[in-house]
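The following paragraphs lead through a single protein chain, from its overall plan to individual residues.

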Amino acid sequence: MKTPRKILIVRFPFVSVFGGGEVHTITMIDLFRAHAIPLEFLGSDATILGAFRERNLPAQKMWGGKEPVTVWALFLFPFTAPFVTMRLFWNLLRRRMRGTDTVICISLTDKLLATPIARALGMQVVWVEHVTLDRWLTHNP
């Protein structure tokens, strides 16, 4: 993997609460800043959005629907995904034209929807998973 010029962190979690995933992401943000790697945020995670704003980093709130990790959210996903995908396309295209070359996807929605768009735009995509493959994966629909 080449060294990124500018990183976009994307996160559309099922719920936005302070927990392990947020701690992990904030630690990652601080490490990138310590290495002077420009980064920004796009997503619906209020905790991460706040962390970016506290650090005076660019952050944009965007609705991403419910992460498809429950039966109800999985049922809704095919109906919301086209709208989220269109907004993601325009947001990623705009950022690509401004020099963003790497997208970090943290939640399932980002991985499913942002990955193909980012790859089609020639961006590197990094998937981050902060939990082990246990009940989170085996008991999801």
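A residue is called buried when its relative accessible area is under 20%, exposed when it is over 50%, and partly exposed in between, as computed with a 1.4 Å probe on protein chains only. Helices (H or I, at least four residues) and strands (E, at least two) are DSSP runs, numbered from the N terminus. The model is a predicted one, in which local features need pLDDT of at least 70 and side-chain atom pairs count only at pLDDT 80 or more, while totals for chains, interfaces and linings use all residues. Residues are numbered from 1 along each chain as its sequence is written, and side-chain values use heavy atoms, with hydrogens and water left out.

The chain contains 5 helices and 5 strands, and from the N terminus on these elements follow the order β-α-β-α-β-α-β-α-β-α. Of the 141 residues in the chain, 46% are buried. Contact is taken to mean heavy atoms within 4.5 Å. Among contacts between residues at least 6 apart in sequence, 67% join residues at least 24 apart.

Two strands are said to pair if DSSP finds at least two bridges between them. The 5 strands form an open sheet with parallel pairing, in the order S3-S2-S1-S4-S5. S3 and strand S5 (124-127) stand at the edges with a single partner strand each, so one side of each is left without a neighbour in the sheet. On average, neighbouring strands of this sheet are turned by 20° against each other, direction ignored; axes here are lines fitted to C-alpha atoms, for helices over the stretch in contact, and angles run from 0 to 180 degrees between N-to-C directions.

Strand S1 runs parallel to S2, to which 5 bridges join it; within this pairing, Arg11 stands opposite Gly43 in S2. S1 also pairs with S4 in the parallel sense, over 4 bridges, and there Val10 has Cys105 of S4 as its bridge partner. S4 in turn pairs with S5 in the parallel sense over 4 bridges, with Val126 in S5 as the bridge partner of Ile104. How is S1 covered on its two faces? Ile7, Ile9 and Arg11 on one side and Leu8 and Val10 on the other are all buried, and thus 5 of the 5 residues of S1 are buried.

The side chain of Arg11 makes a polar contact with the side chain of Glu22 at 2.7 Å. A polar contact is a pair of N or O atoms within 3.5 Å; within protein, one must be able to donate a hydrogen and the other to accept it, and residues adjacent in sequence count only if both atoms are side-chain atoms. Leaving aside neighbours within four places in sequence, Arg11 is in contact with residues including Glu22, Gly43, Asp45, Ile48 and Asp110.

Met28 lies in helix H1 and is buried, with a relative accessible area of 12%. Apart from neighbours within four places in sequence, Met28 is in contact with Ile9, Ile104, Ile106 and Val128. The C-alpha atoms of Met28 and Ile9 are separated by 10.0 Å.

Helix H2 (residues 46-54) has Thr47, Ile48, Leu49, Ala51 and Phe52 as its buried residues. Among the elements that cover them are strand S1 (7-11), helix H1 (20-34), strand S2 (39-43) and strand S3 (59-61). At the start of H2, a side-chain oxygen of Asp45 reaches to within 3.0 Å of the backbone nitrogen of Thr47. Asn56, which follows H2, has a positive phi near 55°.

Helix H3 (residues 71-97) has 27 residues. H3 bends by about 50° at Phe77, and Pro78 follows within four residues; the bend at a residue is the angle between axes fitted to the seven residues ending there and the seven starting there. The buried residues of H3 are Ala73, Phe77, Thr80, Ala81, Val84, Leu88, Asn91, Leu92 and Arg95. An α-helix has 3.6 residues a turn, so residues three or four places apart point the same way. The buried residues of H3 pack against S1, S2, S3, strand S4 (102-105) and helix H4 (108-120). H3 lies across S1, S2, S3 and S4, at about 170° to S2, whereas H4 lies across S1, S4 and S5, at about 160° to S5. Just after H3, Gly99 takes a positive phi of about 105°.

Definitions and conventions:
Expected span 1.5 Å × (residues − 1).
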